[in-house]
Amino acid sequence: MMNYSFTVGELLSGENLHSIYWGLAVFGSIFFGITCFLAIIGIGGLDDGMDIDADGTALDHVDHGFLDFNLFSIRSILAFLTVFGWGGVMWGHHGWIGFIAAFAAGTATMFLTAFVIWGLMKLQTSGTVSNRQFIGQPGSVYLSIPGGRSNPGKVTVRFNGATRELKAVADEPIPSGAAVEVVELLADSLFLVKKS
């Protein structure tokens, strides 16, 4: 048993494994740097998925706490390979101890990278407004609305610091410039309004 561990220790400190450490260090550094650079300039964001509402509109990112924590992402695996490789380059000549130290440093970096990405995801929102959020909002008629919910007119609603234009119908005729309140979402982008 002692002879076997000594042989593995010699293998772990050998020249072939040192070349593998260098390969992992260089490969990981290059690709980790590329993915971080692309994320900074806005290509290949942190989250590949998007939350979609039933009516097809994008929703803000929902916080599920640690349920969103993803340890095994491309960036965290590249971070592990990079630090494991550089740790092996620095400590690989110590055999078992160097291998364990490099592995521990790589694992810690993988957890740290996953935690940072998780934290950044909690700060991310899409900025898209769901149509349901307009219900109950005040507005004004932009294009007059004929009564009887027959043909749509247009209303403007100020929401979250921006003015939005919505197609709207009403039970009674409403002239341009009248103040209204959004009452109901009838279809994907058609709203029922009433005079306020």
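Predicted model: local features only at pLDDT ≥ 70, side-chain atom pairs only at ≥ 80, totals over all residues.
The contact of helix 3 with helix 4 draws on 13 nonpolar residues, 8 polar ones and 1 charged one. Two packed helices are described by the angle between their axes and the distance between those axes. Here, the axes of helix 3 (residues 74-91) and helix 4 (residues 96-123) come within 7 Å and cross at roughly 155°. Angles over 145 degrees count as roughly antiparallel, and helix 3 and helix 4 are therefore roughly antiparallel to each other.

Stepping back to the whole protein chain, there are 4 helices and 5 strands. Going along the sequence, the pattern reads α-α-α-α-β-β-β-β-β. The protein chain has 196 residues, and buried residues make up 30% of them. As for contacts in the protein chain with a separation of 6 or more, 58% of them are accounted for by residues 24 or more positions apart.

Back in the helix pair, Ser76 is worth a look. Ser76 sits in helix 3, and with a relative accessible area of 0%, Ser76 is buried. What does Ser76 touch, once residues up to four places away in sequence are set aside? The list is Leu71, Met110, Thr113 and Ala114. Of these partners, Met110, Thr113 and Ala114 carry numbers that fall in helix 4 (residues 96-123).

Side chains of opposite charge can pair when their charged atoms come close. How many salt bridges turn up in a search of the whole structure? The search finds 2. One of them joins Asp171 to Arg149, with the closest N and O atoms 2.7 Å apart. Asp171 lies in the loop between strand 3 (162-169) and strand 4, while Arg149 lies in the loop between strand 1 (138-143) and strand 2 (153-159), so the pair ties together parts that are 22 residues apart in sequence. Asp171 counts as exposed because its relative accessibility is 53%, and the cut-off for exposed is over 50%. Arg149, at 39% relative accessibility, counts as partly exposed.

In the other salt bridge, the side chains of Lys154 and Glu165 meet, at 3.2 Å from N to O. This pair also links distant parts of the chain: Lys154 is in strand 2, Glu165 is in strand 3, and 11 residues separate them. Are these two residues buried, partly exposed or exposed? Lys154 is partly exposed, with a relative accessible area of 27%. Glu165 counts as partly exposed too, at 46% relative accessibility.

At 36% relative accessibility, Glu184 counts as partly exposed. Leaving out residues up to four places away in sequence, Glu184 touches Ile135, Leu190, Phe191 and Leu192. Where does Lys194 stand relative to Glu184? Glu184 and Lys194 are 10 residues apart along the chain, and their C-alpha atoms are separated by 9.7 Å.

Note on methods. Residues numbered from 1 in each chain as written. Heavy atoms only, no water. Buried < 20%, exposed > 50% of the residue type's maximum accessible area, 1.4 Å probe, protein only. Contact = heavy atoms within 4.5 Å. Axes fitted to C-alpha atoms, helices over the stretch in contact; angles between N-to-C directions. Helix = DSSP H or I, 4+ residues; strand = E, 2+ residues; numbered from the N terminus. Parallel < 35°, antiparallel > 145°, perpendicular 65-115°, else oblique. Nonpolar A, V, L, I, M, F, W, Y, C, P; charged D, E, K, R; others polar. Salt bridge = Lys/Arg side-chain N within 4 Å of Asp/Glu carboxyl O.
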